[in-house]
Each structure stands twice: as C-alpha cells, then as structure tokens.
Amino acid sequence: MLVGLTLLLAYAVLMGSFSGSSIQYLSYLAVGFIVMFLLVMIPFGGIAIMKSDMDYLFTLPLKRWELAFSMYVIQFLATGVAFVFTFGYVLPYMTGNLLEKVTITLDMALIAMLITGFGVVAYSMGTRSKAFLAFIASLWAASPVFGFNYSFTSVFFGQIAIGSILAISVTIPLTVVALRQLESIELGFTKVSIRASSDIYKNQIDYGHHTPIGSIYLYNLTQLNLTSRLNMGLSTSSRSSRVSLRKLLIPMAVIAAIYAATARNFGNFDEANTVVIIASVYISIFIPTLFSQSVLSYERAWLAFTSMPVYVYWRNVAFSKFIQIEITILPFVLASAYLHFNGVAQAINTIPLFALSIPSVTVIVMYLAGVLVMDQVKDTGTISTQFSLKQMLIMLPVGLMLLVAAVSVISLLASIISAAALLSIMSGIILRKDTWTGLVYKLTEHGYV
Amino acid sequence: MRCQLRKIQLVVSNYKGVWMLVGDCISVKEVTKSYGRTTALKGLSFSIPCGKKFALLGPNGAGKSTTLKILAGLLIPDSGQVYVDGHVPTSAEAKRLLGYLPEDAAPYLTLSVRENLEYVGSLRGIGSVSDKTDRLLDLLSLREHEKDKVSKLSRGNRQKLSIALAIIHEPKVVLLDEPLNYLDIPTQEIVNSLFSRLGATFLVSTHMMSIAERLTDNVIVISRGHLVWEGTMESLKHLGDPSESIESIVSRLMTVA
C-alpha cells in the first residue's frame with residue numbers, strides 16, 4: 001500500500017506541476033480543499049477500526065495506550081490518502097528557496113495531522129458541538145481568503161512563517177488530545193450520523209402499489225443513501241442515513257443561489273469566471289463521489305438479483321441514478337442559465353457539464369465501484385474490510401472530471417463534446433446486457449450477497 | 001417463436017402413501033466451480049424431487065454456500081448443468097419460482113421493516129403486496145417493528161424479516177442457508193410451521209443436525225465439492241450403531257470423504 005501511496009503522491013506532484021501557474025486561483029483551491037475536509041471529517045469522521053478489531057484486538061490483554069499510536073497512524077492514513085491529492089495543487093507555488101519548499105511540505109503534513117486530530121476529537125462530541133467545531137475550524141481555515149492572515153492556511157497566501165507557527169501550535173496539542181482520546185474512547189458503539197437518529201422512519205414509502213420497475217424508480221428517486229467508506233473525507237465508518245431527495249434540493253438550491261449571486265456580483269470578467277470554475281470543479285468532484293458508491297454498498301444481491309433478470313434491474317437502477325443526479329443538480333443548471341443571461345456569458349459552457357457530464361460520470365463511477373468490488377455494508381458503525389489500494393482507483397474518474405470541468409468551462413464546444421462522450425460511455429454501460437450479469441457474478445464470487 | 005427447452009426428469013415418488021410421477025424441482029449435474037486456484041465444487045450431482053425437503057450437510061468449505069448461490073442464479077458454474085424446475089437459474093422463470101435466504105442475511109438497511117417487505121414484494125411483481133406484508137408481519141411477530149429502521153433491529157428480528165423476504169412470493173423452491181440462526185425457540189417453531197405450510201421444495205444448508213432433522217426429511221452430504229452420501233434421514237441414522245449419534249455418523253461420512 002505504501003508503494004501505491006508513493007505512486008499516488010508522484011501522480012499528484014505531476015498533476016500539480018502541470019496544473020497551471022495562476023497562484024491566486026490555486027490558493028483558493030487549496031484552502032477550499034482543506035475547508036471541505038474539515039466540513040466532512042469533523043461531523044462525519046469515524047474512528048478507523050474494523051469489527052474484527054472490536055471483537056478480537058480490543059479483547060486482548062493489551063493496554064489501550066499501547067494501541068493508541070497504531071490507531072492514530074491508521075486514522076492518519078485513512079485521512080491522509082485523499083489529502084495527498086492536495087499536495088499537487090500546492091507544488092506549483094513552491095518557487096521559493098529550499099527552506100520555503102521544505103516548510104510548505106511539512107505544513108501540508110501538519111495540516112493532514114490537524115484534520116486527523118479534529119476527526120478523532122469530534123468523534124464523541126454531541127451534534128451541536130460537532131457542527132460548531134466544523135463551522136469554526138473551516139471559517140478559520142478560510143479566513144486568509146478574506147485577508148485575515150492568522151490562520152494555518154495562510155502559508156498558501158505567502159505568509160509562510162505565520163502559517164507554519166500556527167500550524168505547529170495547533171496541531172501538536174490537538175494530536176496529544178487525539179491520542180488521549182484514542183486511549184480512552186468508548187468503541188463499543190459508533191456514532192454514525194451527524195445527529196442522533198430515531199429508530200423509526202416517520203415517512204414510510206408505499207412500495208406496495210407499484211410495478212417492479214416503478215418500485216426501482218421510486219426507491220432511487222425518493223431517497224439518497226449516503227456513501228460508506230470512500231467518501232471525500234475518507235471517513236471510515238459506514239452509515240446508512242437515507243436522505244430525502246426533496247429535502248436535498250433545498251440546500252442544493254441555496255448553494256446554487258449563492259453561486260449565482262457571487263459570480264453575478266463580481267464586477268470583472270476574470271473573477272466571475274473564477275467562481276464558475278471553482279463551482280464546476282467542486283460539483284464535478286463531489287456529486288460523482290458522494291452519490292455513486294453507496295448504490296452498491298447498500299444493494300442486496302439475494303433480494304434484488306433473484307427478483308428479476310440482473311440486467312433489467314441494474315439498467316433501471318443506473319438510469320434512475322442518472323435522473324436522481326439530474327434532479328439534484330438542476331438548481332446549478334438554472335443558476336448557470338441565469339448567469340449567462342446576466343453578464344457572465346461563459347456560464348452557459350457549464351450547462352452540458354452539469355446536465356450531462358456529471359450525471360453520466362456518476363453512473364460510470366457507480367459501475368466502476370462494482371468492478372473494483374466495493375464493500376457491501378451489512379451493518380452500520382464499522383468498516384467491513386481492510387483498506388485496499390485497488391479501491392482507490394475509484395478516484396480516477398474524479399481526476400478525469402477535474403479535466404472535463406476545466407475544459408468545459410473554457411469552451412462550449414468542448415463542453416458539449418465531453419458531455420456527449422461521457423453520455424455515450426454511460427449508455428454503453430447501461431445498455432450492454434453482459435456488463436451487469438458479469439458484474440454480479442464477480443461481486444458474488446467476492447462474497448457480495 | 002421463442003422456445004424454452006424444459007428438462008423434466010420423471011421419478012417415482014411416494015407422497016402420503018400415493019405413488020406418483022413428479023419432476024425434479026432441483027437438478028444439479030456434474031457441476032464444477034472454482035474461485036481462482038481454489039476448486040469449490042468438483043463434479044457435484046444431485047437432484048431433488050418437487051415438494052421434498054433436503055438438508056445440505058458438509059464441513060466448512062465443502063461448497064454448500066456455493067451450491068446455493070449457483071442455484072439462486074448469483075453464480076454460474078464453470079461446467080455442468082443446473083436446473084430449477086426445468087429452468088436455468090438465471091432465467092426470469094426460475095427467479096419467479098425461487099426463494100433464497102443466505103447465511104447472515106441483511107435486508108435493505110435504509111428501509112423500514114414494512115418498506116423492505118413491500119419493496120421486495122413489488123420487485124417480485126406479486127399481487128396484493130400489502131396484504132401479504134401484513135400477514136407476514138403478524139405471523140412473525142414483526143408488527144410492532146414495522147416502521148423500524150432495519151439498521152436498528154435486533155439480530156433475531158432481522159433474521160425473521162429476512163425469512164419473510166425470502167418467502168414473500170410463496171416460492172415453489174426455497175434455498176435456505178442456516179435459516180434458524182439467531183432465532184429463539186418459539187420463533188423457530190413458528191418459522192418451521194410457516195415453511196411446512198408453503199409446501200415448497202426445500203434445500204437447507206446447515207451445520208446443525210438438529211435443525212436438519214426439524215426442517216427436512218432427506219440428506220445430501222457433500223465434502224470437498226462432491227457428493228458423499230444421499231438418502232433419507234432415517235437411512236442416515238441406520239448407517240451407524242444404534243448407540244451412535246447422528247452427528248457422529250455424519251462426521252464420519254465427511255471425514256471418510
């Protein structure tokens with residue numbers, strides 16, 4: 001796995017070196033990534049333990065403090081693997097002397113530790129405390145964007161000394177607290193949701209009066225199952241939260257409105273386009289990652305695949321997933337159309353990206369998750385198997401989407417062509433009968449049931 | 001015109017004292033299946049007449065679960081033939097006839113108990129899903145949990161729900177892998193009687209001889225992927241001394257293989 005991580009780092013370095021020279025743009029992107037990690041890891045981050053650890057390792061006559069450091073290292077790896085990607089965005093800045101380069105590299109490691117520490121410390125907090133901590137930490141991380149330099153992220157805005165001192169002075173005590181927490185934390189249960197959840201579903205969905213195909217669409221168009229392990233924060237506990245699609249539209253509409261208002265209010269062309277680029281990049285990463293992998297994790301082969309021919313079932317699941325993303329992303333399509341007619345002409349370029357490319361890639365990632373044999377979630381609370389580097393390959397289409405998003409924003413023609421290409425790939429996957437039957441046999445051979 | 005070749009193997013059977021001709025509801029012929037370098041099944045063959053209840057016994061790694069997964073259409077054999085009431089297991093016809101309960105079955109975690117039953121009933125295209133759901137909720141004492149999240153259910157209630165999901169469409173052929181796991185004794189009795197009322201063909205994979213005796217009348221013993229012994233429960237008991245326990249007899253059969 002370490003060899004794989006090294007290759008991943010090399011890839012990030014390479015990508016970073018070719019990712020352009022707009023220092024200001026990359027500063028925003030690096031800070032944005034850190035804020036995103038904080039917002040995901042603090043409320044949703046779990047402790048990286050497996051069920052077998054709870055059943056066997058913690059029952060051995062070992063003192064917990066002897067295990068705390070190992071647990072921290074695993075936690076760091078769980079968080080740090082995805083964080084490695086951000087290294088690529090930082091490297092182009094490293095134009096200073098050797099000392100500055102080394103300092104920024106160490107800062108990145110410290111920030112990875114900081115995010116790890118926050119995730120551990122927040123684990124046993126209540127809902128409101130988690131939300132408050134996530135808000136404060138991300139606000140502090142984002143503060144250099146607004147000109148406040150006393151933040152650990154100010155290293156990305158040229159304040160290497162201040163940023164480094166702050167990173168050290170926060171990370172070290174936080175790591176100590178995290179280690180103490182790992183020594184004593186109660187692991188017999190795992191909090192799996194941002195809020196204490198009820199034992200019942202208040203809104204029961206009536207599947208009893210639908211056709212088989214109708215039920216598949218009803219299932220996928222009324223709820224979104226949150227992803228399990230390989231989400232953006234690499235949170236290690238699985239969860240089974242179901243989110244109403246109707247309710248999800250509210251925050252999506254609010255974010256889209258903020259996106260439209262921010263881009264519209266920037267007076268000059270370059271700044272407005274920067275907002276469009278950043279929004280496109282984030283949506284292109286977030287949606288395919290968060291909305292795709294849980295489909296397989298929560299699927300039940302013994303029920304679904306024995307009910308009807310496998311290809312019929314999957315074909316409809318995949319298409320309903322495409323529609324689900326269309327609905328979710330619709331506010332952004334409308335926001336881009338609004339911007340196009342209100343002074344940000346280039347915003348129209350993002351419409352094929354939002355309306356076609358992102359839903360198509362989500363379905364492709366969903367299929368890829370099956371090919372890479374993602375874990376099936378049979379119980380909530382702990383991860384179901386060990387980390388496998390192969391599963392990290394799921395990030396590759398996300399990397400591709402960075403490119404697609406960038407190209408799409410620049411040119412409408414490129415946006416249409418890439419959308420058509422991705423739509424064709426998705427259609428090929430959906431329509432080919434053998435794709436799904438082969439996938440099911442492969443999954444079953446790997447213990448998926 | 002699409003033509004489905006239907007394989008019917010006629011056998012003579014004694015059902016309630018009446019000699020009759022029936023077809024095999026499960027037919028496995030010379031089936032092999034490997035996972036990489038590991039061979040799970042090596043030319044396994046057996047058949048089960050319609051309406052009969054068979055236990056599938058064997059040590060760990062004998063190929064029991066693989067056999068059930070192949071019969072359920074979730075795996076394809078490397079070679080050999082498998083039929084469920086004359087249909088290949090992956091066909092829509094076989095899926096309509098078949099009910100499958102894997103070991104440690106997990107229903108849909110993000111649905112409630114009732115939603116699980118209605119969703120699966122609807123996927124199977126059965127009529128009056130709500131009525132059948134109500135009946136199973138009452139029969140298995142799940143009524144008070146009908147709105148509960150499955151992820152919050154106790155292991156026993158989750159198993160009851162899984163059993164209900166496997167038989168909601170009243171299948172003609174039922175494949176069960178350790179069906180009575182996690183169930184208390186009164187619930188085991190309820191489930192046993194529920195299975196009996198189905199009047200289906202059963203293939204029950206289990207490690208527990210007591211469960212095999214309660215749920216089935218016939219035994220198939222497999223070891224290392226091939227058939228070791230096949231016969232009625234009574235004839236199995238007669239393989240050893242009168243003082244020898246049935247577990248000991250089965251253990252000997254598996255070891256000899």
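Predicted model: local features only at pLDDT ≥ 70, side-chain atom pairs only at ≥ 80, totals over all residues.
Some ground rules: local features need pLDDT of at least 70, side-chain atom pairs count only at pLDDT 80 or more, and totals for chains, interfaces and linings use all residues. Residues are numbered from 1 along each chain as its sequence is written, chains are lettered from A and ligands numbered from 1 in the order written, and side-chain values use heavy atoms, without hydrogens or water.

Let's start inside. A nonpolar core is a set of buried Ala, Val, Leu, Ile, Met, Phe, Trp, Tyr and Cys residues joined through side-chain atoms within 4.5 Å, where buried means under 20% relative accessible area (1.4 Å probe, protein chains only). Which residues touch the most other members of the largest core? They are Phe305(A), Tyr313(A), Trp314(A), Leu175(B) and Leu203(B), out of 180 residues. Leaving aside neighbours within four places in sequence, Trp314(A) is in contact (heavy atoms within 4.5 Å) with residues including Phe305(A), Met366(A) and Trp436(A). A second, separate core has 14 residues, among them Trp229(B) and Ile249(B).

Now, where the chains meet. The contact takes 43 residues from chain B and 45 from chain A. Together they bury about 3900 Å² (accessible area, 1.4 Å probe, lost on being put together and summed over both), with 59% of it on carbon and sulfur atoms. On the chain B side, Leu74(B), Tyr108(B) and Thr110(B) lose the most area to chain A.

How many salt bridges are there between the chains? The count is 2 (a Lys or Arg side-chain nitrogen within 4 Å of an Asp or Glu carboxyl oxygen). Lys33(B) forms a salt bridge with Glu445(A), with the closest N and O atoms 2.7 Å apart.

Technical notes: Buried < 20%, exposed > 50% of the residue type's maximum accessible area, 1.4 Å probe, protein only. Buried area = accessible area lost by both parts, 1.4 Å probe.
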